[in-house]
Amino acid sequence: MLYFLVFGHLVIVLNALTFGSKNRALPKHGRVAILLRGQAFRQQWMNHVDARSGCHDDSIPAQLKCTDSLLKHIVTPLERNFNTVEFFVVNGIDKSACPNFRNLLMPKFAKWGGAAAKEFDSKTQADNMRATLELFKDTVGGSDYIAKWYDLIIILRHDAEWLSSITEWPTAEFDKLNLFSLCEDGFGRHQGPKENCVNDILHMMPGSLWKGFRNAVGSRLCYNPGHRRGLGHDCYRAFARQVGEDNITFVTDWRPGVIPHFGGNGILELM
């Protein structure tokens, strides 16, 4: 089910500072899309090491903390640089099963000019990612429009708590396709170079790279429901083919430890 929430637009203007240097500078006076994917109110890692499902009442405090951290550490710095921020939000749980999404989560975005949302029963990360990208594309009017008018697109998960400002991500380059990090070092097939495995918790790019990114998603090894349960860990080669390896970077050179440990990177922690 697709619905729209439209509210009065408010951009917080604090100063004219452009953060960063060289091609690491945030956009200024631009247009930014934040795409939220996955399942909201998921069970927490510390309690459920295996597969986690969404929309649990006991995860309400943790989920709202994650969403607040997104607004503080990502949205606020973007708005300080005079950017307009828009939200496109998918929850991979049927509407009837998750009233907390509409009652508690979506009101967090009420002060922004527009928010588009979709709720559906998501079986894999592949169909969830595809639904998120299609919601964005269909809402704004197609890939050509995205490529022309969006300065930055950030694709995130609901269950990430952001610990530091986007201006402090150590190796991010905002004119490239940014992935979060390499996968676990010394852990089976995940170890080794980027071609082996990348962390799929974040994707960030300028609109000029959107078409290549979209073409890669759903290809044979990248968010394909027939490959590794539809995960995005094997996407690097597909991304490199579509946007060029010189246009890909990572926001940090940190690597995670044993699954599901994300501690110590200083950027995010999974709830």
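Guide: A cavity is a set of grid points where a 1.4 Å probe fits but cannot get out, and its volume is the space filled by probe spheres set on those points. Please keep in mind throughout that this is a predicted model.

Visitor: How many cavities of 30 Å³ or more does the structure hold, and what volume does the largest cavity have?

Guide: In general, rolling a probe the size of a water molecule over the atoms shows where empty space is left. Here the structure holds two cavities of 30 Å³ or more, and the largest cavity has a volume of about 50 Å³.

Visitor: Which residues line the largest cavity, and which elements give two or more residues to that lining?

Guide: The lining consists of L36, Q63, C66, T67, L70, L105, R157, H158, A160 and W162. The elements that give two or more residues to it are α1 (60-80) and β6 (160-162), with α1 supplying the largest share, four residues. Sorted by class, the lining has six nonpolar, three polar and one charged residues.

Visitor: Turning to the aromatic rings, how many aromatic pairs does the structure hold, and why is the pair of Y145 and Y150 edge-to-face?

Guide: A pair of aromatic rings is described by the distance of the centres and the angle of the planes. The structure holds 11 aromatic pairs. For Y145 and Y150 the ring centres are 6.5 Å apart and the planes stand at 65°, and because planes over 60 degrees apart count as edge-to-face, this pair is assigned to that class. Y145 is partly exposed, with a relative accessible area of 31%, whereas Y150 is buried, at 3%.

Visitor: Which parts of the chain does the pair of F180 and W254 link?

Guide: F180 and W254 also form an edge-to-face pair, with 6.2 Å from centre to centre and 70° between the planes. This pair links distant parts of the chain, 74 residues apart: F180 lies in the loop between β7 (177-179) and β8 (203-205), and W254 in the loop between β9 (248-250) and β10 (268-270). F180 is buried, with a relative accessible area of 0%, and W254 is buried as well, with 15%.

Visitor: Which residues form one aromatic cluster?

Guide: The members are F88, F136, Y145, W149, Y150, W210, F213 and F239. As for the chain overall, 55% of its 271 residues count as buried, and among contacts between residues at least 6 apart in sequence, 76% join residues at least 24 apart.

Methods: Residues numbered from 1 in each chain as written. Predicted model: local features only at pLDDT ≥ 70, side-chain atom pairs only at ≥ 80, totals over all residues. Heavy atoms only, no water. Buried < 20%, exposed > 50% of the residue type's maximum accessible area, 1.4 Å probe, protein only. Contact = heavy atoms within 4.5 Å. 1 Å grid on protein atoms, 1.4 Å probe; cavity = no way out; pocket = protein on both sides within 12 Å on 5 of 7 lines; lining within 4 Å. Nonpolar A, V, L, I, M, F, W, Y, C, P; charged D, E, K, R; others polar. Phe/Tyr/Trp six-rings, centres within 6.5 Å; stacked < 30°, edge-to-face > 60°.
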